[in-house]
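Here is a short briefing on how one chain packs. Look over the sequence and the structure first, then read the points below.

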Amino acid sequence: MDILNEQSQINSKSRDAWEHFDSHRTRVTDLIVHVASKLPSSTKIENGRPSLAIFGAGNGNDLNVERLLESFGRIHIFDLDQDALKRFQALHCQSKLSKEVIQIENPIDLSGVNTELEQYPQSATDAHVETVANKARTASGVSIDRQFDVVASTCMLSQLLHSVLKSVGDQHPHKNFLMIALRDGHLKLMSRAIRPGGIGLLVTDFVSSDTLPALQEAKDDETVLAIARQAIDARNFFTGTLPWAIKDSLATMLLESADQPWAIHSPWKWLLGPKRSYLVTAIEFAKTF
Ligand SMILES: C[S@@+](CC[C@H](N)C(=O)[O-])C[C@H]1O[C@@H](n2cnc3c(N)ncnc32)[C@H](O)[C@@H]1O
């Protein structure tokens, strides 16, 4: 399975979904602006303002860049898919200010293991699975040569996990082990890319209307919250995306600081189009060391 090609096709399908993304875009942007306002005054600043990295920026339909430019002096955009990055640039980098402030990075595999997944053998040895899982878990195959005040991952975690399913197959005995390794590696990478004193914001979809049809009709936040509770109670969510499990994984990883501040934000509905929506939440964590 060609992971880039698969992601590129998915991005291509949602390229014209700007209007459907409206309320999701407001939630994601509000949260990023909110965490920027919590940065300590000692934060390293550029052009008088903090820096932001977006992981999994794709077409950029989920960001109000005009608003982000009010809070950040430098914005770095990361994704695997060059075509989506070009669309991001065309959509968001037309003004003089955005051209100065936004840096579209070269396409990058932020898991560091796409090649290993694409070539994963059906009958892998225990040693092989451990080698791949260890590389994923430590994000050792990913090099980002700087740190940022805020790192926001915008709904790319579920796509990392989807890549495992599509590559090794959803019946493979190593599937869950590899998915959790990729999830933890993504958290590790975020944490590594945040400056001491900075903040991470993992925005993730965790279940879709495919298995939760009531979501498609939900209109208000109260109904969305009730549906989210039912889905979690029924264990109806994508493997590796349960917010509390993510929080526990972060706590283990960031043990150097026992009082690691964190928050799980109330879920919202992301309408992808007339036929599908997702429940999304965000986990915010501070890097205090
Ligand atoms: C669901 S999209 C996020 C939506 C996107 N923010 C938008 O508004 O279009 C997930 C993004 O993660 C990217 N992605 C998936 N796997 C990746 C990887 N291994 N490295 C970097 N980016 C990846 C995809 O290319 C895609 O753009």
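A nonpolar core is a set of buried Ala, Val, Leu, Ile, Met, Phe, Trp, Tyr and Cys residues joined through C-beta atoms within 7 Å. A residue is buried if 20 or more other C-beta atoms lie within 10 Å of its own, exposed if 12 or fewer, and partly exposed in between, with C-beta atoms placed from the backbone. This is a predicted model: local features need pLDDT of at least 70, side-chain atom pairs count only at pLDDT 80 or more, and totals for chains, interfaces and linings use all residues. Residues are numbered from 1 along each chain as its sequence is written.

**The core**
- The largest nonpolar core has 78 residues.
- Ile32, Leu52, Ile54, Val150, Val151, Leu178 and Leu201 touch the most other members.
- Helix α9 gives the most to this core, with eight residues. Helices (H or I, at least four residues) and strands (E, at least two) are DSSP runs, numbered from the N terminus.
- Leu178 touches Val132, Ala133, Ala136, Val164 and Val168, leaving out residues up to four places away in sequence. Contact here requires C-beta atoms, placed from the backbone, to lie within 7 Å.

**Helices α7 and α9**
- Helix α7 (residues 126–138) packs against helix α9 (residues 175–193) at an angle of about 25°, with their axes 6 Å apart. That makes α7 roughly parallel to α9. Angles under 35 degrees count as roughly parallel, over 145 as roughly antiparallel, 65 to 115 as roughly perpendicular and the rest as oblique. Axes are lines fitted to C-alpha atoms, for helices over the stretch in contact, and angles run from 0 to 180 degrees between N-to-C directions.
- Among the residues that meet are Val129 and Val132 in α7, and Phe177 and Leu178 in α9.

**Helix α1**
- In helix α1 (residues 3–13), the buried residues are Ile3, Gln7 and Asn11. They cover an arc of only 65° around the axis, so they sit on the same side of α1. The arc is that of the directions from the helix axis to the C-beta atoms.
- Asn5, Gln9 and Lys13 are exposed on the other side of α1.
- The buried residues of α1 pack against α4 (82–92), α6 (114–118) and α8 (157–168).

- Asp149 lies in strand β4 (residues 148–154). Asp149 counts as buried because it has 26 C-beta neighbours inside 10 Å.
- Ala263 lies in strand β6 (residues 262–271). With 16 other C-beta atoms within 10 Å, Ala263 is partly exposed.

Conventions. Contact = placed C-beta atoms within 7 Å.
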